[in-house]
Amino acid sequence: MSYKHVKSGKLKLKGEVDVKKKKSKKRKSSEVQPVFGADAKDMRHGCWYKINTYEGIQEHGIIELHSGGYMQAEDSGKFTMVEVDEANGPDPPQIFTLVKVSDNKIAIKTGFGRYVSCGTTGELIGRAEAMGPRELWETVFENDKMALCGCNHRFVTVSSDNKVMATSETAKEKEMIKIRCTHMPSKKMKLDGEEAITDLEAFELNAVKKFQSFQQGLKVSKEDKRVLDNAKETGSLHEALLDRREKMKADRYCK
């Protein structure tokens with residue numbers, strides 16, 4: 001008996017229905033294409049995209065320092081530079097909430113719920129529970145580069161022992177940083193920060209609700225609201241609200 005005309009294959013029983021296997025169309029991880037507009041450096045940072053304008057700053061971001069490391073918040077309230085983990089992306093202590101305050105100033109909030117302040121000797125301290133003058137940082141964009149200036153008119157830099165400080169009088173190559181956010185900048189940006197606030201009375205009431213206890217009753221300042229209008233124009237609205245609450249001694253952050 002000759003088997004050369006017999007088709008080879010698995011044993012098929014009577015009544016068995018053929019089930020065709022569909023080829024998976026899923027790409028292997030090595031075949032994943034980069035997001036349109038992302039360069040190799042963006043992909044290295046886990047697609048946290050470099051921001052080139054103040055309008056492009058998003059709610060959450062990481063701060064890449066000159067040498068390529070990330071600024072990291074420590075439990076002690078200090079800030080250091082750490083190396084980039086390309087495999088896993090930034091760790092939670094390296095991700096900050098960025099609050100736009102005026103045309104070019106931001107406040108930086110850590111994952112511990114504290115704002116980043118500029119100390120008297122230029123050290124960065126993350127212990128403030130509310131925004132004031134020392135918690136405002138000026139963003140300087142020029143020729144596709146960026147620097148960050150503190151209330152002491154000194155630029156953020158890195159010391160020899162990897163501490164993040166605001167001590168440089170000039171913004172040279174070592175003071176160049178990058179803010180990276182999770183979404184690519186859009187040409188049509190929504191208003192954010194103080195310029196987006198239209199109802200100052202409601203905005204103040206929301207701030208009061210956030211910091212005061214409902215059990216004792218809410219206390220809202222009865223001072224002239226025109227003070228807030230002027231503060232908004234000068235980019236110091238949050239500071240003005242803090243002053244109004246401080247005069248009343250109405251909440252735990254202003255006693």
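Colleague: How many bridges join S2 to S5, and do they run parallel or antiparallel?

Modeller: In this predicted model, two bridges join S2 to S5, and the strands run antiparallel.

Colleague: Which strand do four bridges join to S2?

Modeller: That is strand S13, which covers residues 178-181 and runs antiparallel to S2, with four bridges between them. Within this pairing, Gly 61 has Cys 181 in S13 as its bridge partner, and Cys 181 counts as buried, with a relative accessibility of 0%.

Colleague: And S2 itself, is that mostly covered or mostly open?

Modeller: Strand S2, made of residues 60-64, is mostly covered, since four of its five residues are buried.

Colleague: Let me step back a bit. How many helices and strands does the protein have?

Modeller: There are four helices and 13 strands in the protein. Of its 255 residues, 38% are buried, and the accessible surface comes to about 16900 Å², with 51% of that belonging to carbon and sulfur atoms.

Colleague: What share of the contacts join residues at least 24 apart?

Modeller: If you take the contacts between residues at least 6 apart in sequence, 55% of them join residues at least 24 apart.

Colleague: Could you show me one residue with partners like that? Where does Met 165 lie?

Modeller: Met 165 lies in strand S12, which spans residues 164-168, and Met 165 is buried, with a relative accessible area of 19%. The C-alpha atom of Met 165 is separated by 4.7 Å from that of Glu 123, although these two residues are 42 residues apart along the chain. Leaving aside neighbours within four places in sequence, Met 165 is in contact with several residues, including Gly 122, Leu 124, Phe 155 and Thr 157.

Colleague: Switching to cysteines, how many disulfides does a search of the whole structure find?

Modeller: The search finds zero disulfides. Cys 149, for instance, is in none, and the nearest cysteine sulfur, which belongs to Cys 118, is 8.5 Å away. That distance rules the pair out because a disulfide needs the two sulfur atoms within 2.5 Å. Cys 149 is also buried, with a relative accessible area of 7%.

Colleague: What about aromatic rings, how many pairs does the count come to?

Modeller: The count comes to one aromatic pair. Phe 79 and Phe 96 form this pair, with 6.2 Å from centre to centre and 45 degrees between the planes, and the arrangement is tilted. Phe 79 is in strand S4 and Phe 96 is in strand S5, 17 residues apart, so the pair links distant parts of the chain.

Colleague: Which residue lies over the face of Tyr 54?

Modeller: That is Lys 100, at 5.5 Å from the ring centre of Tyr 54.

Colleague: One last topic, the loops. Where is Asn 143 found, and is Asn 143 buried or exposed?

Modeller: Asn 143 is found in the loop between strand S9 and strand S10, and Asn 143 is exposed, with a relative accessible area of 68%. The phi of Asn 143 is near 55 degrees, a positive value in a residue other than glycine. In general, most residues other than glycine have a negative phi.

Colleague: And what is the phi of Asn 162 near?

Modeller: The phi of Asn 162 is near 70 degrees, which is also positive. Asn 162 sits in the loop between strand S11 and S12, where Asn 162 is partly exposed, with a relative accessible area of 33%.

Conventions. Residues numbered from 1 in each chain as written. Predicted model: local features only at pLDDT ≥ 70, side-chain atom pairs only at ≥ 80, totals over all residues. Heavy atoms only, no water. Buried < 20%, exposed > 50% of the residue type's maximum accessible area, 1.4 Å probe, protein only. Contact = heavy atoms within 4.5 Å. Areas by Shrake-Rupley, 256 points an atom, 1.4 Å probe, with all protein chains shown as cover. Phe/Tyr/Trp six-rings, centres within 6.5 Å; stacked < 30°, edge-to-face > 60°. Lys NZ or Arg CZ within 6 Å of the ring centre and 35° of its normal. Pairing = 2+ DSSP bridges.
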